[in-house]
Amino acid sequence: MTVVCNQHSQTNSLRYLMKSKVYIETFGCQMNVADTERAATGLTKAGYEMTSSAATADVVLFNTCSVRERAERKVLRRIGEVRKLSSPTTHKRPLIGVMGCVAQLEGQSIFDKTPVVDLIVGTRATDRIPSLIERVQGGEAGLIDLDDRQEGEVWDVSPAERRSPYVAFVPIIEGCNKFCSFCIVPFSRGREKSRNAAEIVAEILRLRSLGYKEVHLIGQNVNSYRPRATEGVQHYPGATPFSRLLRAVANTGMERIKFTTSFPRDFHPDIVSALEEYPNLCDWVHLPAQSGSDRILKSMRRGHNSEDYLRRMEGIKKSKRRLSLTSDIIIGFPGETEEDFEATMRLVQQCEYDALYIFKYSKRAGTPAAKLDDAVPETEKTARFMALEALQTSIQEKIYNAYVGRVVSVLVERESARSKDDMAGHSTCHKVVNFRANQTQPGDIVDVMISRGNPNSLYGELVG
Ligand code: 5AD
Ligand code: SF4
């Protein structure tokens, strides 16, 4: 649906003949980061110039997240700040657009709540942003595009618009069909749509030739990957389309391949087999449990219970390769009792995660869980959050200290935040590693002998 409210103010569009500068501020998940890169590619191709701050922009776009209420509130605050700025070309406030999940979900009501917004771009309208901006600059007001992607659109991201010259996000599946009762994503991002494998493989080969060292295959549920045709994976064995894709992608020779997020119910043991066959498939699995209580998991409509989850977790832990395991947990889902929470504590204890992302339940209008009574009081949520965090800290301390004396392979990404003499990067198992720089440059892959485990990072010395 494209809604245009035709209040053609004769804004003199001449002043826009100079190429406008566009700034995109990104909130939320890696999918939004990837969408921003795609939007920037299209804008640059259409002649716009990308800029890295709102203060130097003629057009400011907010790529928004609606997964929790806090992220939504942050955007409204930022819009308030940006409206006070002055565009270098027009000397008026910049043109303000809202894209991403909040745009898709709220559409017109954003204009009602925040009249300062000029343009609303849904999650599948990314490629149409240049022409939408042009129309607003030409005087159209109240422009909203919540339509689907058009047939034949391909995922095109220019290296110049990627966040990093060494690590690239490669979307393999968009949307979600799972409808977990707490989650807004199926509403904001629509149904699952897998990219063609041949296109993914070609993109990774191109990234490799450009010097990229690591790719992250991304999607709400990467292991639900199900393309329409087998083109691109036809020569690769595997029990599921995703494990065939993993083998096909590993064969590109890209040095490091990570993938996130995995959905527990679709986590086939063949994924672990693929990781065992190909060393360039990295030793890290992100498998969100959300809760350890069967009663709550049922109410969350996750499609797994704690026994299923633990069985899949065991398959990962028993691998010939030591695989790092991380997870997400929601605290204070409606009706969560002390007993339910204890079950979550037990599950976390059993899984010994390498990292855990803990979220307080946030009620999302329009989701089935929003209709449930029995909200957990905020004080109780905080107390449970802190108890789980303390448990995870103690587990992590043990895991991180066990790395002392081991050598890990690190992709050097930047100077360390703590010291100019140190560099920082990620291990293949996705831990932050700091080490004494000694001439290493971003983009190098180095071996580091770990000498110390910190709460959320490792410290070590270069080997050789
Ligand atoms: N409240 C709190 N956390 C949520 N998540 C998704 N929806 C909600 C919500 N309504 C968390 C889940 C998911 C992660 C990306 O965000 O843990 O795995
Ligand atoms: Fe949300 Fe569940 Fe889909 Fe993940 S699997 S995006 S939590 S609905």
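Predicted model: local features only at pLDDT ≥ 70, side-chain atom pairs only at ≥ 80, totals over all residues.
Residues are numbered from 1 along each chain as its sequence is written, and chains are lettered from A and ligands numbered from 1 in the order in which they are written.

Salt bridges come first. The term stands for a side-chain nitrogen of Lys or Arg within 4 Å of a carboxyl oxygen of Asp or Glu. Searching the whole structure gives 36 of them. One of these joins Arg149 to Glu174, with the closest N and O atoms 2.7 Å apart. This pair links distant parts of the chain, 25 residues apart: Arg149 is in the loop between β7 (141-145) and β8 (167-171), and Glu174 is in strand β9 (residues 173-174). Helices (H or I, at least four residues) and strands (E, at least two) are DSSP runs, numbered from the N terminus. Arg149 has 12% relative accessibility and therefore counts as buried. Glu174, at 15%, is buried as well. Buried here means under 20% relative accessible area, exposed means over 50%, and partly exposed lies in between (1.4 Å probe, protein chains only).

A salt bridge also connects Lys258 and Glu214, where the closest N and O atoms are 3.3 Å apart. Lys258 belongs to strand β12 (residues 256-260) and Glu214 to strand β11 (residues 214-218), so the pair ties together parts that are 44 residues apart in sequence. Lys258 is buried, with a relative accessible area of 1%, and Glu214 is buried at 2%.

Asp266 and Arg265 form another salt bridge, with 3.9 Å between the closest N and O atoms. Arg265 counts as partly exposed because its relative accessibility is 40%. Salt bridges also link Glu37, Arg162, Arg195, Glu199 and Glu203 in a network.

The next topic is helix packing. Two packed helices are described by the angle between their axes and the distance between the axes. For helix α12 (residues 338-351) and helix α13 (residues 378-401), the axes come within 10 Å and cross at roughly 15°. The axes are lines fitted to C-alpha atoms, for helices over the stretch in contact, and the angles run from 0 to 180 degrees between N-to-C directions. The helices α12 and α13 are therefore roughly parallel to each other. Angles under 35 degrees count as roughly parallel, over 145 as roughly antiparallel, 65 to 115 as roughly perpendicular and the rest as oblique. The crossing of α12 and α13 is right-handed, meaning that the near helix is turned clockwise from the far one by less than a right angle.

Most residues other than glycine have a negative phi, and most peptide bonds are trans. The peptide bond from Thr260 to Thr261, however, is cis, with omega near 10°. Thr261 is in the loop between β12 and α9 (269-277). Gln290, which is not a glycine, has a positive phi of about 70°. Gln290 sits in the loop between β13 (284-286) and α10 (294-300) and is buried, at 7% relative accessible area. Asp374 is not a glycine either, and has a positive phi of about 70°. Asp374 lies in the loop between β15 (355-360) and α13, and it counts as exposed, at 55% relative accessibility.

Val117 is part of the loop between α4 (108-113) and β6 (119-121). Its relative accessibility is 4%, so Val117 counts as buried. From C-alpha to C-alpha, Val117 and Gly97 are 5.9 Å apart in space and 20 residues apart in sequence. For Arg208 and Tyr459, 251 residues apart along the chain, the C-alpha atoms are separated by 29 Å. Arg208 is in helix α7 (residues 197-209) and is partly exposed, with a relative accessible area of 43%.

Leu105 lies in helix α3 (residues 101-106) and is partly exposed, with a relative accessible area of 32%.

Definitions and conventions
Heavy atoms only, no water.
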